[in-house]
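Subject: Handover of a structure and the findings on it

Dear colleague,

Please find below the structure that I am handing over to you. My findings follow directly after it.

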Amino acid sequence: MSSKISFPKIRFSLRLFFFFFLLIGIGLFLQMNTLIKELKPGLRQAAEDTLVDSANLLAELATPDFIQGTLSQGHFDQAFKTFKQRKFRAKIWTKTKTDNPLRVYITNAQGIVVYHSEGQYTGEDFSAWNDVYKTLRGQYGARSSLRDPDNPLSSEMYVAAPIKVGEQILGVLTLIKPNLSLQPFLENAQGKLKRQGLWLIVAALVLGLALSFWLSRSINKLSDYALKVSQGKSVVTLPEMNDLELHNLAQAMASMKSQLEGKDYVEKYIHSLTHEMKSPVAAIKGAAELLEDNLPVADRLYFVTNIQRESQRLEELISQLLNLAELENRQVLSQLTHINLKALIEELVSGLELKLSEKRLQVSVVGNGKADGEVFLIQQAIENLLLNAIDFSPDGAKITVTLKQHGNRVLIQVEDQGPGVPEYAESRVFERFYSLQRPLSGKKSSGLGLSFVKQICNLHQATCRLSNGSTGALAEINLPVWQKSHTNHTEHT
């Protein structure tokens with residue numbers, strides 16, 4: 001039986017950072033390692049190039065004494081000894097040069113040493129050494145050998161130049177320079193390369209962190225957006241993405257959200273509508289079945305009235321649902337109007353006079369205020385709050401509508417003298433189909449009025465709430481004034 005190996009989950013940003021840093025770090029390491037390896041032979045090649053020039057110059061200077069056989073006592077020997085005794089102090093980058101480690105030996109056409117700047121090896125046969133052997137044959141002669149076979153740091157460069165008369169090679173001058181004299185320059189260059197490499201790795205580290213943060217921040221925005229959508233939040237702002245791929249992903253998520261919301265929306269409405277229609281349909285069906293019997297006229301009129309009442313209830317329910325569905329699918333206001341709220345409320349109160357008189361209710365409008373919105377929708381919202389206050393008010397009570405202007409917002413308050421809002425219902429009163437029993441009749445409404453108010457407020461970027469005031473229930477709508485984002489303004493008075 002095989003068991004699946006589970007690896008610990010790692011944050012995407014951390015994984016991306018490690019991958020980026022590993023990739024850049026390895027690349028920089030390989031590049032710096034190659035540069036450091038090539039530095040030593042490159043520096044020796046540069047030194048060899050200078051030695052070639054110097055060897056040929058010295059060969060020309062030594063030729064007269066070589067021909068005359070006066071190398072050991074001639075001008076060349078004197079000049080070289082004076083050169084070796086010269087005192088100087090040359091600042092070359094970080095190294096101060098104070099001595100000259102150059103040495104010279106000269107061999108004849110047979111490769112026998114006839115001159116050595118340090119008086120050594122005279123008479124010895126050097127014809128087998130590459131510097132002498134190749135130069136005598138018209139080739140470039142050079143070699144690198146250990147001065148002390150037991151000391152690996154005693155390596156020296158030997159660069160030869162021919163001593164000629166016309167095209168005839170009479171001998172060979174070899175210029176010697178210890179490789180150890182190049183070591184300070186090599187170490188200095190290697191140190192600089194390593195420091196620069198370290199800085200480049202640090203820069204790659206910072207760049208990797210920045211890249212990881214940028215990508216993870218964008219992905220976190222999309223993740224947060226998806227989480228809010230999964231939690232069923234209706235108002236979720238789609239994050240802006242500068243990267244094309246992430247932007248396309250964000251758009252795809254928004255499209256998916258829209259389609260899922262549409263499917264969920266239809267399912268909820270079908271479920272809610274079916275639930276709410278059961279009661280009036282059952283009442284109509286029951287009354288219709290009873291009417292099939294021979295009933296007294298009074299009973300028949302009762303059941304006919306019941307059918308008419310339940311049919312009207314169904315019609316109002318369907319109408320309200322259609323209006324609410326249309327409102328929930330709207331994204332922007334079609335016609336923004338600057339509304340005189342006091343005049344609008346007084347007009348509404350006048351239209352509700354018959355309902356108010358049935359319960360001997362009084363409505364007072366206090367204060368003034370103006371707001372921006374669609375007149376019809378604002379009118380519907382306030383009317384629903386007034387109807388709600390009428391339903392829960394006892395006979396002979398008073399309803400107070402207060403307008404308070406606060407800078408660029410206006411507060412509409414509708415307060416009744418009814419029983420108020422039960423604590424368990426405060427968080428649910430704006431839910432679709434949620435309704436409380438009316439104090440006098442014990443009946444419930446469709447539960448769509450306050451939901452309609454909530455959707456109107458959302459569309460107007462307003463807020464609404466229902467709580468307990470000083471005398472009863474207190475309904476509030478907080479509306480904006482002169483929204484600059486809309487341009488189609490008209491005046492409603």
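Among contacts in the protein chain between residues at least 6 apart in sequence, what percentage join residues at least 24 apart? The answer is 65%. Please note that this is a predicted model. The protein chain has 493 residues, of which 39% are buried, and its secondary structure consists of 10 helices and 15 strands.

I begin with the nonpolar cores. The largest nonpolar core holds 47 residues, and the members that touch the most others are Leu341, Ile382, Ile412 and Ile477. At least two residues of this core come from each of helix 7 (341–351), helix 9 (375–392), strand 11 (398–406), strand 12 (409–415), helix 10 (449–459), strand 13 (463–468) and strand 14 (473–480). Helix 9 provides the largest share, 10 residues. A second, separate core has 21 residues, including Phe76, Phe80, Tyr115 and Ala161.

The next topic is the packing of helix 9 against helix 10. In general, two packed helices are described by the angle between their axes and the distance between the axes. Here, the axes of helix 9 and helix 10 cross at roughly 145° and come within 9 Å, and the crossing is left-handed. On the side of helix 9, the residues in contact are Leu377, Gln380, Ala381, Asn384, Leu385 and Asn388, and they meet Gly449, Leu450, Phe452, Val453, Ile456 and Leu459 of helix 10. Sorted by class, this contact comprises 8 nonpolar and 4 polar residues, with no charged residues.

Individual residues also deserve a record. Asp131 is located in helix 3 (residues 130–136). Its relative accessible area is 0%, so Asp131 counts as buried. The side chain of Asp131 forms a polar contact of 2.5 Å with the side chain of Tyr105. Leaving out residues up to four places away in sequence, Asp131 touches Tyr105, Gly141, Ala142, Arg143, Tyr158, Ala160, Val172 and Thr174.

Met157 belongs to strand 6 (residues 155–165). Met157 is classed as buried because its relative accessible area is 6%, under the cut-off of 20%. The C-alpha atom of Met157 lies 8.1 Å from that of Leu175, and the two residues are 18 residues apart along the chain.

Arg360 is not a glycine, yet it has a positive phi of about 55°. Its place is the loop between helix 8 (353–358) and strand 9 (362–366). Arg360 has a relative accessible area of 56% and is therefore exposed, the cut-off being over 50%. Gln461, in the loop between helix 10 and strand 13, has a phi near 55°, again a positive value in a residue other than glycine. With a relative accessible area of 55%, Gln461 is exposed.

Key. Residues numbered from 1 in each chain as written. Predicted model: local features only at pLDDT ≥ 70, side-chain atom pairs only at ≥ 80, totals over all residues. Heavy atoms only, no water. Core = buried A, V, L, I, M, F, W, Y, C linked by side-chain atoms within 4.5 Å. Buried < 20%, exposed > 50% of the residue type's maximum accessible area, 1.4 Å probe, protein only. Helix = DSSP H or I, 4+ residues; strand = E, 2+ residues; numbered from the N terminus. Axes fitted to C-alpha atoms, helices over the stretch in contact; angles between N-to-C directions. Left-handed = near helix turned anticlockwise from the far one by under 90°. Contact = heavy atoms within 4.5 Å. Nonpolar A, V, L, I, M, F, W, Y, C, P; charged D, E, K, R; others polar. Polar contact = N/O pair within 3.5 Å; in protein donor to acceptor, adjacent residues only side chain to side chain.
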